[in-house]
Amino acid sequence: MAMTGGMAAPLPMSNHTRERVTVAKLTLEHFYSTLLTQHEEREMRQKKLEKVMDEEGLPDEEKSMRRSLHARKETEFLRLKRTRLGLDDFESLKVIGRGAFGEVRLVQKKDTGHIYAMKILRKADMLEKEQVAHIRAERDILVEADGAWVVKMFYSFQDKRNLYLIMEFLPGGDMMTLLMKKDTLSEEATQFYIAETVLAIDSIHQLGFIHRDIKPDNLLLDSRGHVKLSDFGLCTGLKKAHRTEFYRNLTHNPPSDFSETWKKNRRQLAYSTVGTPDYIAPEVFLQTGYNKLCDWWSLGVIMYEMLIGYPPFCSETPQETYRKVMNWRETLTFPPEVPISERAKEMILRYCTDAENRIGSGSVDEIKSNPFFESVDWEHIRERPAAISIDIKSIDDTSNFDDFPESDILQPVANVTEPDFKSKDWVFLNYTYKRFEGLTQRGTIPTYMKAGKA
Amino acid sequence: KRKFEPGTQRFELHKKAQASLNAGLDLKQAVQLPHGEDLNDWVAVHVVDFFNRINLIYGTISDSCTDQTCPVMSGGPRYEYRWQDEHKYKKPTALPAPKYMSLLMDWIEVQINNEHIFPTNIGTPFPKTFMQVAKKILSRLFRVFVHVYIHHFDRVSHMGAEAHVNTCYKHFFYFVTEFNLIDQKELEPLSQWFILLAVTVEAVPG
Ligand SMILES: Nc1ncnc2c1ncn2[C@@H]1O[C@H](COP(=O)(O)OP(=O)(O)OP(=O)(O)O)[C@@H](O)[C@H]1O
């Protein structure tokens, strides 16, 4: 790509210019690769429309009506591409979650009144903690992953301080909160949640992604109580940018805020940058490599926690947990005071075992046909009622979320002196994504929500 | 198809012109109005995108484009561009290139952010004058390409950005010719580049 010509005399270039050149080149490269995808996607949408209409055997008149309806949607999308979205376009209603690099808020888009969850990530923190590869991964999977099992992302944008991900709001809260409320779940409920999570994990595996950080905090519940996967912060794709050794120095970095009992610290740990090692497969800690099977291990740990009330390797400190995970052959035991069925125990032990012998190495069918899942209707599980139904009263009902204090993450900084991280801004380049479907489907807010506020 | 003898200046130029981002994308096809699309909306989204990218490209060479190097905005000895607007420069005025560029970019920004010219609300129609404004913006943007190619291409080479600029230009060229948005006369200064790029496209499909 770089050409060497006789006429290019080396001109002095300042650092500032060099940076600008990098930005420009990256932006152009990105633009033209995106242009290709968008072009293809548009053609796909048109083809799909024609195919569906043929299958339905529509009369010509109806067909041309549908075509013009489709064309109008495409035109709307073009308009929205020219619309600049920013923080101003959303009203922040409430803090509903916190993560290591920012927080999640319930927001309302001012013009449409639609409700979303807005994940805010502080750029400065992320760069410090070298989270850039992770956030890239998160963007990539949220954008690529489609379908029922993954939290949908609609828009993203950035300003000097933060990145913003506008996602669908899942009013059911997360599994961590549910488990803290309920202590244990029945075998029936466990079967339901684990079965749905199997399908969710399989759907991202089919896209070529390994999540690597499946834990209750990342299992969200939609308005009907069904599972969706969120948080691809650590999700590792097969692309190089996704690979970072997050846990490498875990043993040398004891977080200072860790003491007392597990339950009390569970939440703290969820907010720390170290994260909880409870759910991570032993081979992920080793430098010897791992594959998608590591996600099935995590599922086994979650299943254990659902039935027993706490995860099998929980300890006072992450170091101790880490040690227990590595010695799972000795430490993975079932407390006699909490009896569970043989089938459930067998299932857990099929997940939490060394990767070579772990269930799922053939295909996901191996998991689906395990006796623990007997009577699960895999085809229709998402359409059927959930194990625990969700009770929501209004559009902005956050009763399934804990209370979080207001933070100053959105406060504009007075007198913006270009901070240090500005020079690294190009990493976040093109962090602007608009989803075709989200922009044009006006029905994204379920009707029960509209009733609350009108 | 044309052939260029190695070692000649034309050959060097040809080699440089050939560099383009291999995006596996047929730009000629990509600019065509999709089935059922509104022409105004299609043009509007392209104008905004081209403005952003061309602005970025000029930004990379802007510190080697000064009042001293380019006291008059031009595209080689044969083409001089004069600025005119409704404010300070009522009559076409010869200006140093940096001044001209900054007026040009500011003017375009005002146009594309004007909701009455470039409506973003769903359903709001474009004004009757929209195509006129779009054409004017595109011919002014074209002058940025002219100036960059003719006066600052050494800098572009030095940055290793020939492929980027060429791809953008190729895209721009196909777009404006597809919809006849710039006078043939205006396009003349880069006709040489156009031939080179056209050859490239034939030789390397996709
Ligand atoms: N789309 C959503 N709808 C509703 N609540 C959400 C949504 N996304 C996240 N939350 C809530 O916010 C919490 C934190 O979100 P998330 O886990 O994505 O943050 P994070 O910064 O990635 O944290 P970490 O990386 O430490 O896991 C979740 O556990 C959940 O309670």
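pLDDT is the predictor's confidence in each residue, on a scale from 0 to 100. The views below show a predicted model.

View 1. Helix 15 of chain A, residues 447–452, is where confidence in the chain is lowest, at a mean of 32. Confidence is highest in helix 12 of chain A, residues 342–351, at 97. The chain as a whole has a mean pLDDT of 76. Of its residues, 73% reach 70 or more.

**View 2. Chain A has 15 helices and 8 strands**. The chain has 454 residues, and 52% of them count as buried. Take the contacts in chain A between residues at least 6 apart in sequence: 72% join residues at least 24 apart. Chain A exposes about 21,500 Å². Carbon and sulfur atoms supply 51% of that area.

**View 3. Strands 1 and 2 of chain A form a hairpin**. Strand 1 of chain A spans residues 90–99, and strand 2 of chain A spans residues 102–109. The two pair in the antiparallel sense over 8 bridges. Between the strands lie 2 residues. A:Gly99 has A:Gly102, in strand 2 of chain A, as its bridge partner.

**View 4. A:Lys119 carries a binding site annotation in UniProt**. The annotation comes from an unreviewed entry. A:Lys119 sits in strand 3 of chain A, residues 115–122. Its relative accessible area is 14%, so A:Lys119 counts as buried.

**View 5. B:Asp41 contacts residues of chain A and chain B**. B:Asp41 belongs to helix 3 of chain B, residues 39–61. Leaving aside neighbours within four places in sequence, its contacts in chain A are A:Thr75, A:Leu78, A:Arg79 and A:Arg82. Is B:Asp41 buried or exposed? B:Asp41 is buried, because its relative accessible area is 2%, and the cut-off for buried is under 20%.

**View 6. B:Pro92 lies in a loop of chain B**. The loop runs between strand 3 (82–83) and strand 4 (93–94) of chain B. B:Pro92 has 45% relative accessibility, so this proline counts as partly exposed. Partly exposed covers values between the buried limit of 20% and the exposed limit of 50%. Leaving aside neighbours within four places in sequence, B:Pro92 is in contact with B:Arg82, B:Trp83 and B:Gln84. B:Arg82 is 10 residues away in sequence. From C-alpha to C-alpha, B:Pro92 and B:Arg82 are 5.1 Å apart in space.

**View 7. The structure holds 0 disulfides over all chains**. B:Cys70 is in no disulfide. The nearest cysteine sulfur to B:Cys70 belongs to B:Cys65, 4.0 Å away. B:Cys70 is buried, because its relative accessible area is 4%. A:Cys314 has 17% relative accessibility and therefore also counts as buried.

Key. Residues are numbered from 1 along each chain as its sequence is written. Chains are lettered from A and ligands numbered from 1 in the order in which they are written. This is a predicted model: local features need pLDDT of at least 70, side-chain atom pairs count only at pLDDT 80 or more; totals for chains, interfaces and linings use all residues. Side-chain values use heavy atoms; hydrogens and water are left out. Helices (H or I, at least four residues) and strands (E, at least two) are DSSP runs, numbered from the N terminus. Buried means under 20% relative accessible area, exposed over 50%, partly exposed in between (1.4 Å probe, protein chains only). Contact means heavy atoms within 4.5 Å. A disulfide is a pair of cysteine sulfur atoms within 2.5 Å. Two strands pair if DSSP finds at least two bridges between them. Accessible areas come from the Shrake-Rupley method with a 1.4 Å probe; for residues, only the protein chains shown count as cover. UniProt positions are given in the numbering used here, feature names are shortened, and annotations may be inferred rather than shown by experiment.
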